[in-house]
Amino acid sequence: MTPQLIHACNPGVLTGRGNNTYLIGTTLIDAGIGSAEHLDAVTLALDGRALSHVIVTHGHSDHSAGVPAIRARWPDVRVSKNFPDSVVTDGWSPLREGEVIDVGGGTLRVLCTPGHAIDHVCLYDDVRGDLFAGDMVIIGTTVLVPSRSKGGDMRAYLASLGRLRDLDAARILPGHGPVIDRPRDRINAVIEHRLLREAQVLACLTQGVTDPAVMVAKIYEGLPPTLLPFAEQTVIAHLEKIDEDRQAG
Ligand SMILES: [Zn+2]
């Protein structure tokens with residue numbers, strides 16, 4: 001079924017123009033933040049039907065905080081996300097790797113893709129070749145991969161990207177920004193960028209630089225000060241991956 005893009009109406013520093021949500025039949029991918037404008041747009045698109053299912057790609061607030069407002073408007077809606085530690089929040093349905101979800105006239109396959117967030121999933125329409133990729137890959141900038149203590153995992157992120165590339169999807173419908181028409185090219189570019197950053201972090205270590213903040217100053221020239229903490233998270237995530245790669249031999 002043809003997905004319909006519905007903006008979540010939450011522009012900001014980290015969300016860009018705001019989040020994308022996608023309506024397929026009566027299933028909504030990602031919840032936004034519950035802005036009335038967003039919910040009104042969903043209502044209009046539903047054209048008298050009730051919303052039956054909200055699938056949340058991951059628990060970050062710009063993708064999930066709208067759930068209570070959605071429930072208030074559609075009390076019978078089913079709400080699903082991945083719970084990697086198997087502790088399922090009350091009232092939610094857990095998503096499982098490989099699960100195929102019926103969206104009425106089509107299906108979505110669940111792919112667990114940790115990295116940007118531990119609970120991150122992508123949803124794949126095998127027939128249309130549409131990949132709903134949440135925050136795995138976007139155009140124009142790279143997504144944040146936080147340190148392990150903040151739910152990120154750089155090693156898993158690169159493995160997840162490899163998995164998505166191998167799908168050979170026709171297009172990616174991301175959680176932010178425009179549709180990606182050449183998924184393989186964009187995913188390869190993101191992997192290359194991450195490996196370049198990893199090489200830069202390794203070069204710092206070779207020079208005896210071990211402080212992530214000092215690494216950020218050396219690697220990310222001209223970065224606006226507001227983004228420095230995020231760059232530092234990414235550098236820590238790279239350091240963790242380098243450590244894990246060494247331990248794995
Ligand atoms: Zn996110």
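Axes are lines fitted to C-alpha atoms, for helices over the stretch in contact, and angles run from 0 to 180 degrees between N-to-C directions. The views below come from a predicted model, in which local features need pLDDT of at least 70 and side-chain atom pairs count only at pLDDT 80 or more, while totals for chains, interfaces and linings use all residues. Residues are numbered from 1 along each chain as its sequence is written, and side-chain values use heavy atoms, with hydrogens and water left out.

**View 1. Helix 4 against helix 5.** Helix 4 (residues 154-167) and helix 5 (residues 183-206) pack with their axes 9 Å apart, at an angle of about 160°; helices (H or I, at least four residues) and strands (E, at least two) are DSSP runs, numbered from the N terminus. The two helices are therefore roughly antiparallel to each other, a word used for angles over 145 degrees, whereas under 35 counts as roughly parallel, 65 to 115 as roughly perpendicular and the rest as oblique. On the helix 4 side the contact (heavy atoms within 4.5 Å) includes M154, Y157 and L158, and on the helix 5 side it includes R184, I187 and N188. The residues of this contact divide into nine nonpolar, two polar and four charged, where Ala, Val, Leu, Ile, Met, Phe, Trp, Tyr, Cys and Pro count as nonpolar, Asp, Glu, Lys and Arg as charged, and the others, Gly among them, as polar.

View 2. The axes of helix 5 and helix 7 (residues 228-248) cross at roughly 80° and come within 10 Å, which makes helix 5 roughly perpendicular to helix 7. Among the residues in contact are R194, R197 and E198 of helix 5 and T234, V235 and H238 of helix 7, and by class this contact has six nonpolar, two polar and six charged residues. The axes of helix 6 (residues 212-219) and helix 7 come within 9 Å and cross at roughly 110°, so helix 6 is likewise roughly perpendicular to helix 7. P212, A213, M215 and V216 of helix 6 meet L228, A231, E232, V235, I236 and L239 of helix 7, a contact with nine nonpolar, no polar and one charged residues.

**View 3. The zinc site.** The zinc ion is coordinated at 2.1 to 2.2 Å by H58 (NE2), H60 (ND1), H116 (NE2) and D135 (OD); donors are N, O and S atoms within 2.8 Å of the metal (3.2 Å for Na, K and Ca), and water is not among the atoms, so sites may look incomplete. Along the chain these donors follow the spacing H-x1-H-x55-H-x18-D. H116 lies in the loop between strand 8 (107-112) and strand 9 (121-125), and D135 in the loop between strand 10 (130-134) and helix 4.

**View 4. The surroundings of A50.** A50 is placed in the loop between helix 1 (36-46) and strand 4 (53-55). Not counting residues up to four places away in sequence, A50 touches T26 and W74.
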